Protein chains: 4
Amino acid sequence: MANEGALQYPIIAVNDADTKHLFDNRYETGQSTLDGFIQATNFLIAGKVFTVCGYGWCGRGIAIRADGLGAKVIVTATGDKNVIDDAHFDAIKDGCVIANSGHFDVEINIAKLRERTGRTELPRDSVEEFHLSDGRKIRLLAEGRLVNLAAAEGHPAAVMDMSFANQALCLANLRQRNGELDTTVHGVPKDIDQEVARLKLQSLDVEIDELTQEQVLYLWSWREGT
Amino acid sequence: MANEGALQYPIIAVNDADTKHLFDNRYETGQSTLDGFIQATNFLIAGKVFTVCGYGWCGRGIAIRADGLGAKVIVTATGDKNVIDDAHFDAIKDGCVIANSGHFDVEINIAKLRERTGRTELPRDSVEEFHLSDGRKIRLLAEGRLVNLAAAEGHPAAVMDMSFANQALCLANLRQRNGELDTTVHGVPKDIDQEVARLKLQSLDVEIDELTQEQVLYLWSWREGT
Amino acid sequence: MANEGALQYPIIAVNDADTKHLFDNRYETGQSTLDGFIQATNFLIAGKVFTVCGYGWCGRGIAIRADGLGAKVIVTATGDKNVIDDAHFDAIKDGCVIANSGHFDVEINIAKLRERTGRTELPRDSVEEFHLSDGRKIRLLAEGRLVNLAAAEGHPAAVMDMSFANQALCLANLRQRNGELDTTVHGVPKDIDQEVARLKLQSLDVEIDELTQEQVLYLWSWREGT
Amino acid sequence: MANEGALQYPIIAVNDADTKHLFDNRYETGQSTLDGFIQATNFLIAGKVFTVCGYGWCGRGIAIRADGLGAKVIVTATGDKNVIDDAHFDAIKDGCVIANSGHFDVEINIAKLRERTGRTELPRDSVEEFHLSDGRKIRLLAEGRLVNLAAAEGHPAAVMDMSFANQALCLANLRQRNGELDTTVHGVPKDIDQEVARLKLQSLDVEIDELTQEQVLYLWSWREGT
């Protein structure tokens, strides 16, 4: 929108905060996606081959948790529209389960899947089973929508506190800098991100060490050390 | 019952089958217990301290999966009535969640917990929050009953097939040996357990190598090897 | 030897002690085998495909540690002479490293490997590189002998104490029961195995809980619990 | 040096390349540090408490591998001179092993340690045992120098190829831009870093998918998706 001049006011890209993607995307999406998968299917994850398309922060979290539940995890590096497309439907094994997490419902080309399908069944809540004309069955979870939100409860509060804090503080910051900012997309102010991190650590009774003067000097010096 | 002569007919202890405890107890109870915990609480497991009391096959499965979801796991070796008792309620941290999996509802001494409690709340399905007189809160899941059955769907079909197969084949075996068996507890016949394993592997298209004659001889010989 | 009447005196099979295979075979062989592999090759384990032939206690330990160092681990269930044989040499990828751990040097059919080989090189200590006539190279570690003993230091003392304690106590036990025992292979007396475990835990300052009378009764009773 | 005007010519900070810290620092330092630790001590890692001071790329790699070898890993966030200092020597448990990896020999305040020490022993190569006046023993590996280089062979070739490629290409780049660059520290040119990554993937026979035109458009569009 910024590129096309379609923005009406300044925006802060809160999803790029460190306190968001290092926790919310990684740990919460990871856990809740597997949780959504289990709630939708009640399949045993252990021993399954689990392919994660996309290896950003969400993909990493999903891969860690699938591995932690005993799956053999394959990761690919992508994240876009039609990530699972016609060519993949050719190759997918009979009985495979496909789901989307972390993005809109465009990642799986459901229209193409429907074209190949004779009939569908709804064996469980959040599961649609496509019976392809070649006899294979493909199971789609939650209509291709975010399986962690649609089939599970989504993100635990223990981390959403940081995401919401970023959003609230960025809104206040936009208000405060009213008139100063260009009508484009701005990064999360570093001090907001760090303040959210500091408050979170404080709430967990974690203390942060301070560097000694000698240590500060060492970090800046180039004369010491071999 | 066997010790007290209270059995009316021969029994086969199907829960002791290898194809039961190596899969059902370990992988299914492991996954479904964590699943029940998440469905009941929607807590983030990562970073939590997770204490597993009891390290039999169920306890091992639960520990593996809690670890896989990012918890710091502590295991203890036990499994009995009142495993969590009055002395533990003294020590438990404010906000701790306690649950039972793999056994009857006697593992947590709920009566003692109730004695210390001013009032209780029900913040979510399957969660009872005990407000102790000293100000701490302890959350009990699913009334102390099996959390994987009470708060999640229990065991995936991918392994229950083996447990059910053992039960059915043992019943048939009891019928077949009618009159031959003492009225006591018998082990699962080894050939039933192995037949269930063989069928399961076959259903997964896993083939089993055969030893060559040279290999069989080597295994029995004591003359070769240094 | 017992089957053939070749034993001259009673034997206790110390390698079957729980305090041996649960620790020595699993944790020590696991760590020292990977250590031997790294010392022999200085290869990065992460990302490598690591096939473990044999899934007894040694194989499990090796699989856990290869996984822990980032390998993609494949396990097979075997353990005998010629586990890696002519047919495998057909299939092995160029550059593959093969090694034996946990048993004599008969597991790899080195004679067959040598028949296919034009020339060999010794690129590093403990590494022999076989240049096959089809152009592939296969690297054999430590002449097919136990790689954890031949290329690393073998088992850490922290667990060998238990193995040695079992051996010493079993010898004393044999002496004590002189004349009482048949000239065949006997299991490790349970009280020796448990005494070794108890002493080890004591040396680690680990205390063992005692069951209450109520808990003992519960374990024996069949009337309580639903 | 740049800050103080002490540089004589332009510098490229090759250690900041993605193809360096994501692989060399993480996987190689991780593996070789544990390898150095084992070679120096032959201690069993499993079950040990392993404290990693510093959680940059090296620290992460070390933590992953210590975890993978069965240690209970504690991480702290630091990395500087005197990271282990007088106050830590007060607290360290008898028999503790300390080592440095990833940096100069200033991380452990060895001078302070020596002040508290009655006598030292050299029980193994690369191990110095400090007998403190209070009776505790602290074992220092490799004189506080990089334990992965001093007690093991350092980094496997499978990743050093990328680090060396970066260094060579950056040198050529400096030569090529002779006269154009300020006498200060420059980042690794992005195209060099990506070319190294591309060549590495190519050497592993990994192909990279290309986005379709529809996918490129989708990534840039803000109109699609709900």
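Visitor: Hi! What rotation superposes chain C on chain D?

Guide: Hello! This is a predicted model, and in it a rotation of 180° superposes chain C on chain D, with 0.1 Å of shift along the axis and an RMSD of 0.1 Å. That is how a two-fold axis relates copies.

Visitor: Nice. Which residue of chain C comes closest to that rotation axis?

Guide: Gly68(C) does, with its C-alpha at 1.7 Å.

Visitor: And through what surface do the copies meet?

Guide: Chains C and D meet through the same surface, because 100% of the interface residues of chain C are also interface residues in chain D.

Visitor: Let's switch to chains A and B. How many residues does the contact take from each?

Guide: The contact takes 18 residues from chain B and 18 residues from chain A. On the side of chain B that touches chain A, the elements giving two or more residues are helices H1 (18-41), H2 (57-68) and H6 (157-176).

Visitor: Which of those gives the most?

Guide: H1(B), with five residues.

Visitor: How do the residues on that side of chain B divide between nonpolar, polar and charged?

Guide: There are 10 nonpolar, four polar and four charged residues on the side of chain B that touches chain A.

Visitor: Now for helix H7 of chain B. How far does it reach?

Guide: H7(B) covers residues 190-203, which is 14 residues, and reaches 20 Å from its first C-alpha to its last. That is close to the 20 Å expected at 1.5 Å a residue.

Visitor: Which of its residues are buried?

Guide: Ile192(B), Asp193(B) and Val196(B) are the buried residues of H7(B). Seen down the helix axis, they fall within an arc of 100°, so they line one face.

Visitor: What covers them?

Guide: The cover over the buried residues of H7(B) includes H1 and H6 of chain B.

Visitor: And which exposed residues sit on the face turned away from the buried side?

Guide: Lys190(B), Asp191(B), Leu201(B) and Gln202(B) are the exposed residues there. After the helix comes Asp205(B), with a positive phi near 60°.

Visitor: Last topic, the sheet in chain B. In what order do its strands run?

Guide: The order is E4-E7-E6-E5, in an open sheet of four strands with mixed pairing. Strands E4 (97-98) and E5 (117-124) are at the edges with a single partner strand each, so one side of each has no neighbour in the sheet.

Visitor: How many bridges join E6 to E7?

Guide: Five bridges join E6 (residues 127-132) to E7 (residues 137-141) in chain B, and the two strands run antiparallel. Among the bridge partners, Val127(B) has Leu141(B) in E7(B).

Technical notes: Residues numbered from 1 in each chain as written. Chains lettered and ligands numbered in written order. Predicted model: local features only at pLDDT ≥ 70, side-chain atom pairs only at ≥ 80, totals over all residues. Pairing = 2+ DSSP bridges. Least-squares fit on C-alpha atoms with pLDDT ≥ 70 in both. Contact = placed C-beta atoms within 7 Å. Nonpolar A, V, L, I, M, F, W, Y, C, P; charged D, E, K, R; others polar. Expected span 1.5 Å × (residues − 1). Buried ≥ 20, exposed ≤ 12 C-beta atoms within 10 Å, placed from the backbone. Arc of directions from axis to C-beta.
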